[in-house]
Amino acid sequence: MSRAARATESNWRALDCRRPACHNQKQMLIPQYSLRAILAATAVCGFFSLIGAAAIRGSPSAAAVSLALLALIIMLGVHALVFFAVWLFSLVMPGRRASLGQSPFAPFETPAPENRTVQP
C-alpha cells in the first residue's frame, strides 16, 4: 500500500463517527480553566490578602476574621484527615455488612424488658 493511500485511510478512520471523539485526542496534562475562573480565584485571594494585611497592621476586626478563616481551614483539614483515616481503616478491616432490612446492631440487641408497672 502506498504512503498516500495509508494517509487517506487514516484520515477516513479519524472521521469515523462510530468512534468516540475523545479517542483521537491526546490526554491533557493539566486541566483547563477559563479566564473567568482564574480571575475570580485571583480576586478572592486578593481579598483575603487585604484582610490579612489589615490584621498585621493591627485592625482587631481583620484579626478576628483572619482567625475565623484560619480556624475554618484547620477544621476542614482535620475533617479530611479523619475521613481519610476512617476510609483507610475500612479498606484494611472490612467489617460485617448488614443485609438490607437488618439492623446493624442486631447482634447487640437485647430482648424487650418485661412490663414492670406497679399496681396501686
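In helix 2, residues Phe-48, Ile-51, Gly-52, Ala-54 and Ala-55 are in contact (heavy atoms within 4.5 Å) with Ala-62, Ala-63, Val-65, Ser-66 and Leu-69 of helix 3. The residues of this contact comprise eight nonpolar, two polar and no charged; Ala, Val, Leu, Ile, Met, Phe, Trp, Tyr, Cys and Pro are classed as nonpolar, Asp, Glu, Lys and Arg as charged, and the others, including Gly, as polar. The structure is a predicted model, in which local features require pLDDT of at least 70, side-chain atom pairs count only at pLDDT 80 or more, and totals for chains, interfaces and linings use all residues. Residues are numbered from 1 along each chain as its sequence is written, and side-chain values use heavy atoms, with hydrogens and water left out.

The axes of helix 2 (residues 35-57) and helix 3 (residues 60-92) come within 8 Å and cross at roughly 125°, where axes are lines fitted to C-alpha atoms over the stretch in contact and angles run from 0 to 180 degrees between N-to-C directions. Helix 2 and helix 3 are therefore oblique to each other.

Gly-58 follows helix 2 and has a positive phi, near 110°.

The chain contains three helices and zero strands, defined as DSSP runs of H or I with at least four residues and of E with at least two, respectively, numbered from the N terminus.

Terms used
Angles under 35 degrees count as roughly parallel, over 145 as roughly antiparallel, 65 to 115 as roughly perpendicular and the rest as oblique.
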